[in-house]
Amino acid sequence: MAEKTITLIPGDGIGPEIVAEAVRVLDAVADKYGHKFSYKKILMGGCSIDAYGVPLTDEAIATAKSSDAVLLGAVGGKVGNSRWYDVAPNLRPEAGLLKIRKSLGLFANVRPAYLYPELADACPLKQSHSGDSFDLVIMRELTGGLYFGERHTEVVNGLRTATDTLVYNEEEIRRIAVRAFEVAERRRKKVTSVDKANVLDSSRLWRAVVHEVAKDYPDVEEEDMLVDNCAMQLVHDPGQFDVILTENMFGDILSDEASMITGSIGMLPSASLCASKLGLYEPSHGSAPDIAGLGVANPLATILSAAMLLRYSFDMDAEADDVEEAVKKVLKDGIRTPDICREGDKKVSTSGMGDAVIAAL
């Protein structure tokens, strides 16, 4: 029997509703496999601003650090229509996300993009391009590169001039590359490293270090691809990819593109990992304040994020597989929340979807 502690961050909007369903699924997994999961709850985002005046307290960070994994719902509200945004940027709800990522050292963002055959009609690509399904993961470096380099704006020769600095050192590249190859070993054993090595020195270093890491994983195929070609290939033939490894800005753009071609961002989980087994798991969608409290939010992305938690933080591959297969069965049975419901489907509430996944387990 494994005993694990999970820090819960329900957050704002629909966050508490979808986290509650993921916890019910985790408890069902624990009962089935003989584990014991205990939970600590902390505030982050607008609810933390209301309670403490800041989006994330140091005490909350300490609680997260002391746990085995962190499960997050969503943070934020309506921008421009909330007291949470009439403050400095570092005090807004989303600043809590940046703070917890930095505090926990979360340098690797893992975002799957999976097209369920039952939801293929929602895919904007022609079937000749997408097939009946595709299954890929984007590994994005999360704490370096252009977003974290030195930046400034100044007047040069009478012209306003902005400078952003893209910096990577070899260790930053190596640690995300190792993570990508580890993930690929659990999947179809292929890594596509995406860069702009025909132009950028940072990309040439990126490519060199990835090649060094690849030598330690002889069973994993590695290929290099320029980022502009990768963007085209994602819409031409997404099925060719298994694990896409890339730097921060390229990953930001490509992961959103990959999310779009699945046709339903509300179905997509994500994980942010550090050097240890501790990770933060969250759905890719936002807090959807317009539907908060109505019982219609889709909890599947959060439930699938909980499956990633089981896999990457707890090394419970069989349990993670079980949750993912349960979600597939629910969709195959035509059970849908309103956001993905079509004529002839069985429409259920947020908790109804949780019930269905637990029953499928």
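Start with the aromatic rings: this predicted model has four aromatic pairs. Two of them are stops on this tour.

**Stop 1: F37 and F314.** Select both residues and show their side chains. The ring centres lie 5.8 Å apart. The planes meet at 40 degrees, so this pair counts as tilted. Now look at where each partner sits. F37 belongs to strand 2 (residues 36-41). F314 lies in the loop between helix 10 and helix 11. The pair joins distant parts of the chain, 277 residues apart. Are these two residues buried or exposed? Both F37 and F314 are buried.

**Stop 2: Y168 and W206.** Select these next. Here the arrangement is edge-to-face, with 70 degrees between the planes. Centre to centre, the rings are 5.7 Å apart. Y168 is in the loop between strand 7 (159-164) and helix 6 (170-185). W206 is in helix 7 (residues 201-214). They are 38 residues apart, and this pair too links distant parts of the chain. Y168 is buried, as is W206.

**Stop 3: helix 10 and helix 11.** Go back to the loop that holds F314 and select the helices on either side of it. Helix 10 covers residues 300-312, and helix 11 covers residues 317-332. Their axes are 7 Å apart and pack at an angle of about 160 degrees. Angles over 145 degrees count as roughly antiparallel, so that is how helix 10 runs relative to helix 11. The crossing is left-handed.

Now show the side chains at the contact. On helix 10, pick L300, I303, L304, A307, L310 and R311. On helix 11, pick D317, E319, A320, D321, V323, E324, V327 and L331. Colour them by class: nine are nonpolar, five are charged and none is polar.

Technical notes
Residues are numbered from 1 along each chain as its sequence is written. This is a predicted model: local features need pLDDT of at least 70, side-chain atom pairs count only at pLDDT 80 or more; totals for chains, interfaces and linings use all residues. Side-chain values use heavy atoms; hydrogens and water are left out. Axes are lines fitted to C-alpha atoms, for helices over the stretch in contact, and angles run from 0 to 180 degrees between N-to-C directions. Helices (H or I, at least four residues) and strands (E, at least two) are DSSP runs, numbered from the N terminus. Angles under 35 degrees count as roughly parallel, over 145 as roughly antiparallel, 65 to 115 as roughly perpendicular and the rest as oblique. A crossing is left-handed if the near helix is turned anticlockwise from the far one by less than a right angle, and right-handed if clockwise. Contact means heavy atoms within 4.5 Å. Ala, Val, Leu, Ile, Met, Phe, Trp, Tyr, Cys and Pro count as nonpolar, Asp, Glu, Lys and Arg as charged, and the others, Gly among them, as polar. Rings of Phe, Tyr and Trp (its six-membered ring) pair if their centres lie within 6.5 Å; planes under 30 degrees apart count as stacked, over 60 as edge-to-face and the rest as tilted. Buried means under 20% relative accessible area, exposed over 50%, partly exposed in between (1.4 Å probe, protein chains only).
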